[in-house]
Amino acid sequence: KPVSTEVTTAFPEAVGQQAALLDDLYLSDSGPNSVHLSWDASEGAFDSFRIQYHESSGAGTPREIVVKGNTRTTAIEGLWPNTEYTFTLSGLQRGTRRANLTTTGRTSRLDLEAPRKLEFQNIKETSVTVRWVPPASAVDTFKVSYQLADGGEPQSLTVEIGRA
């Protein structure tokens, strides 16, 4: 005698039931260390959303956050500058994944601030002392470039913090 059983898959649309609507995963306001994710979903369709993300190159450790089912936007922070990430949004209903969307996006480059209060002191025929206030961002090396006023080849030197 044949044995049979009825099961419900993780995706209701596979067995002719109406699918829970999860649509349009957007990535915006990308900064050097964060991105802003937003999405559309039917009201009340999900108890929570799980967002899993990792560097698209496969480097680093995959991470995830869970937000409430009435949430439609969140910021993902603690990312690396100028790095492509893959984000997967899963809609959960009673702890079971009912739908998911995936997108990729890149964080912006780290824009460094310029040094402030640039001063030239002790100007002599073959030397000069240059002083400046470092920017607030974490900088450990500066490149100082100079050229003779009447032309000539540009020159540059690297100055490490602590030796300035």
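R72 and E43 form a salt bridge, with 3.9 Å between the closest N and O atoms. The two partners come from distant parts of the chain, 29 residues apart: R72 sits in the loop between β4 (63–68) and β5 (73–77), and E43 in the loop between β2 (34–41) and β3 (48–55). The model is a predicted one. The chain has eleven strands and zero helices, and W39 is among the residues that touch the most other members of its largest nonpolar core.

**Overall architecture**

- Along the sequence, the elements follow the pattern β-β-β-β-β-β-β-β-β-β-β.
- The chain has 164 residues, of which 25% count as buried.
- Among contacts with a separation of 6 or more, 46% are between residues 24 or more positions apart.
- The accessible surface of the chain is about 11600 Å², and carbon and sulfur atoms account for 48% of that area.

**The salt bridge**

- The count of salt bridges in the model comes to one.
- R72 counts as buried because its relative accessibility, 19%, is under the 20% limit.
- E43 counts as exposed, since its relative accessibility of 68% is over 50%.
- R72 is also one of the residues in contact with W39 when residues up to four places away in sequence are not counted.

**The nonpolar core and W39**

- The largest nonpolar core holds 18 residues, and L22, W39, F49, I76 and F87 are the members that touch the most other members.
- Strands β1 (22–28), β2, β3 and β6 each give two or more residues to this core.
- The greatest contribution is that of β2, which gives four residues.
- Beyond four places in sequence, W39 touches L22, D23, D24, L25, F49, I51, V67, T71, R72, T73, T74 and L89.
- T71 lies in the loop between β4 and β5, and it touches W39 and F49, again leaving out residues up to four places away in sequence.
- T71 is buried, because its relative accessible area of 18% is under 20%.

**Aromatic pairs**

- The count of aromatic pairs in the model is five.
- One of these joins W132 and F142 in an edge-to-face arrangement, with 5.2 Å centre to centre and 65° between the planes.
- W132 in strand β9 (residues 129–133) and F142 in strand β10 (residues 141–148) are ten residues apart, and the pair links distant parts of the chain.
- F142 is buried, with a relative accessible area of 9%.
- W39, F46 and F49 form one aromatic cluster.

**S90 in strand β6**

- S90 is placed in strand β6 (residues 84–93).
- With a relative accessible area of 1%, S90 falls under the 20% limit and is therefore buried.
- Leaving aside neighbours within four places in sequence, the contacts of S90 are S48, F49, R50, R97, A99 and N100.

**Surface features**

- L118, F120, I123 and V128 make a nonpolar surface patch of about 430 Å².
- L118 belongs to strand β8 (residues 116–121), and it is exposed, with a relative accessible area of 54%.
- A114 is in the loop between β7 (96–106) and β8, and at 55% relative accessibility it counts as exposed.
- The C-alpha atoms of A114 and P135 are separated by 6.2 Å, although the two residues are 21 residues apart along the chain.

**Backbone values of note**

- D24 has a phi near 55°, a positive value in a residue other than glycine.
- D24 lies in strand β1 and counts as partly exposed, at 33% relative accessibility.
- R94 lies in the loop between β6 and β7, and it is exposed, with a relative accessible area of 72%.

Note on methods: Residues numbered from 1 in each chain as written. Predicted model: local features only at pLDDT ≥ 70, side-chain atom pairs only at ≥ 80, totals over all residues. Heavy atoms only, no water. Buried < 20%, exposed > 50% of the residue type's maximum accessible area, 1.4 Å probe, protein only. Contact = heavy atoms within 4.5 Å. Patch = residues over 30% accessible without salt bridge, like charges linked within 9 Å, V, L, I, M, F, W, Y side chains within 5 Å. Areas by Shrake-Rupley, 256 points an atom, 1.4 Å probe, with all protein chains shown as cover. Salt bridge = Lys/Arg side-chain N within 4 Å of Asp/Glu carboxyl O. Phe/Tyr/Trp six-rings, centres within 6.5 Å; stacked < 30°, edge-to-face > 60°. Core = buried A, V, L, I, M, F, W, Y, C linked by side-chain atoms within 4.5 Å.
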